[in-house]
Amino acid sequence: ISAAAPRRDNAALHSLSIDRRQVIAGVPAALSVEVTNHGSRRREADRLLVDTDAGRVAAVELRAVDPGRTERAGFEVTFPDAGHHRLTVSLATPDGLAADDVQRAVVPGTDALSVLLVNGAPSPDPLRDEVHLLRTALSPPGPFSSGVSTEVVDPEQISALSLAAFDAVVLANVPPLDEASVAALHRYVRSGGGVIIFLGDQAGEADAFNRAFFGGPGGLMPVELGRGGT
């Protein structure tokens with residue numbers, strides 16, 4: 001006599017994840033969840049219901065899932081403001097085990113990404129200024145936010161700044177920096193910050209540039225700058 005209950009059709013939601021590292025207020029955040037069919041029959045196409053603190057925000061189409069297979073469903077959610085937000089994803093059609101039909105997460109959001117632009121060749125003429133076009137591209141004027149805020153400084157100001165306040169640092173055509181500035185950038189990178197280096201006519205001789213940015217363990221540049229700027 002079998003005392004076991006008959007096998008039930010069951011799909012489980014798991015691996016709810018944020019697919020982009022940053023979640024910015026007013027900008028769509030990319031998320032995804034995996035759905036595994038633990039039953040013996042094909043689970044036909046369904047929907048995922050997405051709810052936040054503000055209520056229902058989306059109903060995402062979910063493809064059919066064969067027995068024993070896993071499907072990944074991506075979706076976007078726009079959180080209206082910074083802070084921590086509750087997120088709930090659930091199957092629209094309940095199955096034999098309701099406990100795994102829902103996934104919940106707390107999603108932290110910020111007002112904007114903060115990017116430090118180090119201007120190696122400032123100019124009163126915007127079209128000749130080293131960072132004018134980059135700053136405009138990252139944070140264009142207008143009523144809608146790009147989700148990026150920028151601050152522009154001169155190279156000699158780096159060592160006096162708290163770089164931890166920035167999500168990325170862009171060195172735009174800067175000359176070789178002093179030891180204090182390079183050390184500050186090394187600490188910033190080791191703690192998880194991102195540095196982008198754009199070369200230009202202010203970079204100077206390759207040897208001096210390499211000593212500042214490439215030499216030693218954990219250099220800021222992945223490869224050595226060759227003579228002639230190559």
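A residue is called buried here when its relative accessible area is under 20%, exposed when over 50%, and partly exposed in between, using a 1.4 Å probe and protein chains only. By that rule S181, at 0% relative accessibility, is buried. Before we go on, please keep in mind that this is a predicted model, in which local features need pLDDT of at least 70 and side-chain atom pairs count only at pLDDT 80 or more, while totals for chains, interfaces and linings use all residues. Residues are numbered from 1 along each chain as its sequence is written, and side-chain values use heavy atoms, with hydrogens and water left out.

Let us stay with S181 for a moment. S181 sits in helix α2; helices (H or I, at least four residues) and strands (E, at least two) are DSSP runs numbered from the N terminus. Setting aside residues up to four places away in sequence, S181 touches P155, I158 and S159, where contact means heavy atoms within 4.5 Å.

Rings of Phe, Tyr and Trp (its six-membered ring) pair if their centres lie within 6.5 Å; planes under 30 degrees apart count as stacked, over 60 as edge-to-face and the rest as tilted. The count by this rule is one aromatic pair. F209 and F213 form this tilted pair, with 4.5 Å centre to centre and 45 degrees between the planes. The two are four residues apart in α3, so about one helical turn separates them. F209 has 1% relative accessibility, and F213 has 0%.

Now for the strands, which pair if DSSP finds at least two bridges between them. An open sheet of three strands runs in the order β1-β2-β5 with antiparallel pairing. Its edges are β1 (11–18) and β5 (70–77), each with a single partner strand, so one side of each has no neighbour in the sheet. Neighbouring strands here are turned by 25 degrees against each other on average, direction ignored; axes are lines fitted to C-alpha atoms, for helices over the stretch in contact, and angles run from 0 to 180 degrees between N-to-C directions. Eight bridges join β2 (residues 29–37) to β5, and L31 has F75 as its bridge partner in β5.

The loop between β1 and β2 holds V27, which is partly exposed at 23% relative accessible area. Leaving out neighbours within four places in sequence, V27 contacts V77, T78, S146 and G147.

Finally, β3 (residues 46–52) and β4 (residues 55–62) pair antiparallel over seven bridges, forming a hairpin with two residues between them. Within this pairing, L48 has V60 as its bridge partner in β4.
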